[in-house]
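Here is a friendly briefing on charged side chains and model confidence. Have a look at the structure first, and then we can go through it topic by topic.

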Amino acid sequence: MSVAVGISFKPAGRVYSFDPNGLDLRRGDAVITETSRGIELGHVKHAARDVEDELLSLPLKRVLRVATEGDRAQVAANEARAQQALEAARERVLGRGMPMRLLRAEYQFDGSQVTIYFAAEGRVDFRELVKDLAGGLRTRIQLHQVGARDAAKLMGGIGPCGRALCCSTWLTTFEPVSMKMAKEQSLFLNPTKFSGVCGKLMCCLRYEYDHYRETRAQMPVLGGEVDTPDGRGQVVGHNVIQERVLVSLKDGREREYSAGEIQRPLVRGCSVLAGGKCIGGCGPTSPAPAANDME
């Protein structure tokens with residue numbers, strides 16, 4: 001076991017484990033830490049706690065100190081310099097006609113390096129651009145190409161729901177999102193209807209996917225016959241959120257029922273019975289009949 005404190009360096013960035021170095025740190029504290037990139041300012045997301053060594057990359061980098069007013073002033077000055085560096089880079093990119101969109105620039109805490117993030121359709125040869133910028137800014141330059149999702153995370157914005165983008169406010173990692181998730185949630189299979197500002201499928205399709213999949217698996221299949229308090233009918237729709245089933249009755253009426261109000265009749269003579277349960281979709285409500293009772 002080792003004592004570790006969780007620290008993030010961006011508002012919705014990943015949380016990394018550090019050695020608290022004996023400091024009394026609380027959630028939200030600004031701290032100066034050692035990192036693989038050098039000295040950086042971050043914010044405490046998780047107070048110090050015991051963590052299994054197997055979950056850590058030992059040895060841990062140390063927290064050097066709680067950030068001072070001087071440290072905060074240094075960060076503010078770096079942000080101003082980063083904006084100037086970004087404008088200088090944009091002028092050079094436009095002058096060279098390079099197929100890249102510059103997004104953001106960040107100075108390292110000690111000012112020894114500036115990282116410029118950009119988006120592009122394909123690979124870009126920016127070696128001459130780096131040389132030009134290094135000569136003008138008199139510091140080390142790193143250009144980092146990011147994908148569409150990371151570009152949206154860096155820039156921020158408002159989603160189709162009217163709220164700030166999840167990726168730029170609280171989502172720390174991107175999980176895979178597929179058209180299957182949209183289909184499972186009965187959405188129109190038109191990607192433009194549920195694409196985010198990044199042009200990719202919205203991350204929120206992932207949030208309720210497991211619930212839809214698990215709940216739908218407990219419901220009778222579409223087109224299957226069920227017994228209801230009003231007689232037998234055919235399943236024509238699912239309301240997964242409310243866990244209700246829409247049934248078309250024999251008399252032509254359509255009514256919604258909760259899952260507990262309906263039963264799936266046993267199909268006698270079913271050839272796919274296994275252990276008393278139908279695995280072919282008909283779903284018994286009673287044990288399978290004996291062999292000599294089968295019709």
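Is Lys131 buried or exposed, and what is its relative accessible area? Lys131 is exposed, because its relative accessible area of 58% is over the 50% cut-off. Please keep in mind that this is a predicted model, with a mean pLDDT of 83 for the protein. Searching the whole structure turns up 20 salt bridges, and a few of them are described below.

**The pair in helix H2**

- Lys131 has a salt-bridge partner in Glu128, with an N to O distance of 3.7 Å between the side chains.
- Both residues belong to helix H2, which covers residues 127-137.
- Glu128 and Lys131 are three residues apart, about one turn of the helix.
- Glu128 is partly exposed, because its relative accessible area of 47% falls between the 20% and 50% cut-offs.

**The pair of Arg127 and Asp125**

- Arg127 forms a salt bridge with Asp125, and here the N to O distance is 2.9 Å.
- Both partners, Arg127 and Asp125, are exposed.

- Asp210 and Arg213 join their side chains in a salt bridge at 3.2 Å, N to O.
- Helix H6 (residues 209-217) holds both of them, three residues apart, which is about one turn of the helix.
- Arg213 is partly exposed, with a relative accessible area of 40%.
- Asp210 is also partly exposed, at 30%.

- Which elements mark the two ends of the confidence range? Strand S6 (residues 101-107) has the highest mean pLDDT, 93, while strand S13 (residues 273-274) has the lowest, 36.
- Over residues 268-281, pLDDT stays under 50, and the model gives this stretch 22 contacts beyond four places in sequence.
- Residues 283-295 are another stretch where pLDDT stays under 50, and for these residues the model also has 22 contacts beyond four places in sequence.
- Where pLDDT is low, predicted coordinates should not be read in detail.

Notes. Residues are numbered from 1 along each chain as its sequence is written. This is a predicted model: local features need pLDDT of at least 70, side-chain atom pairs count only at pLDDT 80 or more; totals for chains, interfaces and linings use all residues. Side-chain values use heavy atoms; hydrogens and water are left out. A salt bridge is a side-chain nitrogen of Lys or Arg within 4 Å of a carboxyl oxygen of Asp or Glu. Buried means under 20% relative accessible area, exposed over 50%, partly exposed in between (1.4 Å probe, protein chains only). Helices (H or I, at least four residues) and strands (E, at least two) are DSSP runs, numbered from the N terminus. pLDDT is the predictor's confidence in each residue, from 0 to 100. Contact means heavy atoms within 4.5 Å.
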